[in-house]
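Please look through the sequence and the model below before reading on.

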Amino acid sequence: MKKAVITAVGHYVPDNIITNKYFEERMDTTDEWITTRTGIRERRYAPDDMATSDMGVRAIEDCLKMRGIDKDEIDFIICATVTPDHVFPATACLIQHKLGMKHPKIWGFDISAACSGFIFALETARRLIESGGSKKAIVVGADKMTAIVDPLDRATCIIFGDGAGAVLLEASDDDTVGIIDSVLHVDGSGLPHLHMKAGGSVMPASHETVDQRLHYAYQEGQHVFKAAVKSMADATSDVMQRNNLTGNDVAWLVPHQANLRIIEATANRMELDIDRVMINIQRYGNTTAGTIPICLSEWQKEGKIKYGDNMIVAAFGGGFTYGAMFLKWGIK
Ligand code: UT7
């Protein structure tokens with residue numbers, strides 16, 4: 001069986017930096033509250049005329065440049081997002097078209113697993129590659145959270161930002177690197193605590209839903225926080241036990257960036273020093289499906305990751321969805 005190996009990474013974040021001061025000037029909050037409760041100091045906002053697919057395209061271009069291959073070598077694209085350009089068609093189709101990738105060779109689709117979207121998409125792409133049916137896949141996590149976050153809700157708007165990251169996943173005969181294992185879960189009982197109330201088939205858009213601000217992300221922060229801490233730690237511990245790993249064996253924990261306190265709790269459970277945890281939440285906030293590939297791309301570009309490094313990638317998000325993945329880094 002072929003191995004599925006990440007062979008290139010890329011990312012894109014918009015230029016517009018929004019500091020905590022921006023919120024201090026607009027609502028009843030402080031830089032101190034935001035920093036101590038979340039670890040976030042700034043996030044990026046995409047311009048009005050930039051959609052999720054546009055950020056995805058830029059991240060993929062950055063990724064392909066690293067590998068130096070032509071876009072037409074890609075067999076399929078999986079786009080993880082909860083802020084698709086449209087309810088349909090899939091954002092993967094729009095990315096294919098905007099990149100000018102060769103039709104009819106390429107195929108693709110979107111995955112909706114909120115903040116776990118990137119690892120759900122990566123696991124899916126891994127299986128498709130391991131099956132031998134495809135050789136090269138793009139997995140892109142992209143979210144324009146400002147499209148669905150209520151700018152008047154101080155409990156959510158301070159957390160989220162816009163951004164995208166992408167990886168190239170390739171079939172390889174080298175079985176010393178690549179994606180080794182994953183544990184993924186869904187728990188739909190989480191619905192009441194994190195969701196968007198209107199705009200779906202349960203409550204189609206109407207004047208009333210707009211007037212009542214029901215097209216924004218709704219989150220019960222504390223409940224989600226507790227579930228995230230437990231689920232990310234449990235999934236991480238499961239995947240480590242299954243693969244006989246201790247904290248000493250792990251070069252990097254790559255956690256979804258939702259809250260610095262959740263990240264620290266996960267690292268503690270793994271008995272991992274915080275300097276072996278990828279953390280950039282202070283600069284970008286929570287970009288949902290974008291957080292993990294943006295981290296991977298930044299750390300790779302800064303030369304901090306070595307070929308063969310053991311990584312644990314972990315996420316938790318709306319659904320609830322959560323999981324952890326064990327991989328060995330395959331970029332030289
Ligand atoms: O990525 C997807 C999954 N999402 C997550 O993992 C997010 C998980 N949750 C969290 O990160 C945290 O729960 C939040 C950052 C959202 C909130 O932090 P918290 O420490 O759980 O605060 P809280 O919701 O318990 O609120 C404490 C107080 C409340 O006031 P009262 O009722 O005690 O008077 C809130 O109204 O803080 C208030 N509050 C704020 N105060 C200043 C809420 N937002 C703010 C704010 N500035 N921005």
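What follows is a guided reading of this structure.

The model is predicted, so local features are described where pLDDT is at least 70 and side-chain atom pairs where pLDDT is 80 or more, whereas totals for chains, interfaces and linings use all residues. Residues are numbered from 1 along each chain as its sequence is written, and side-chain values use heavy atoms, with hydrogens and water left out.

The domain assignment divides the protein into domain 1 (3-176) and domain 2 (179-328), with bounds that come from an automatic or database domain assignment. The contact between them, meaning heavy atoms within 4.5 Å, takes 54 residues from domain 1 and 49 residues from domain 2. The centres of the two domains, taken over C-alpha atoms, are separated by 14 Å. Domain 1 and domain 2 bury about 4,000 Å² between them, and 63% of this lies on carbon and sulfur atoms; buried area here is the accessible area (1.4 Å probe) that two parts lose on being put together, summed over both.

A search of the whole structure finds 1 cavity of 30 Å³ or more. On a 1 Å grid over the protein atoms alone, a cavity is a set of points where a 1.4 Å probe fits but cannot get out, while a pocket is an open set with protein on both sides within 12 Å along at least five of seven lines, and lining residues have an atom within 4 Å of a point. Grid points are joined across faces, edges and corners, and a volume is the space filled by probe spheres set on the points. The largest cavity holds about 40 Å³ of space. Because domain 1 (3-176) and domain 2 (179-328) both give residues to its lining, the largest cavity lies between them. Strands E1 (3-12), E8 (178-186) and E13 (321-328) each supply at least two lining residues, and E1 gives the most, with 3 residues; helices (H or I, at least four residues) and strands (E, at least two) are DSSP runs numbered from the N terminus. Among the lining residues are Ala4, Val5, Ile6, Ile179 and Trp329. By class the lining has 6 nonpolar, 2 polar and 1 charged residues, where Ala, Val, Leu, Ile, Met, Phe, Trp, Tyr, Cys and Pro count as nonpolar, Asp, Glu, Lys and Arg as charged, and the others, Gly among them, as polar.

The second largest pocket holds about 200 Å³ of space, and its lining has 9 nonpolar, 1 polar and 2 charged residues. Asp150 is one of these lining residues, which also include Tyr22, Arg26 and Tyr216. Asp150 also forms a salt bridge with Arg213, the closest N and O atoms being 2.8 Å apart; a salt bridge is a side-chain nitrogen of Lys or Arg within 4 Å of a carboxyl oxygen of Asp or Glu. Across the interface of domain 1 and domain 2 the rule finds 2 salt bridges. Arg213 lies in the loop between helix H7 (207-211) and strand E10 (217-219), and has a positive phi of about 55 degrees although it is not a glycine.

Two peptide bonds complete the picture. Most residues other than glycine have a negative phi, and most peptide bonds are trans. A cis peptide bond joins Phe88 and Pro89, with omega about 0 degrees, and another joins Gly319 and Phe320, with omega about -5 degrees.
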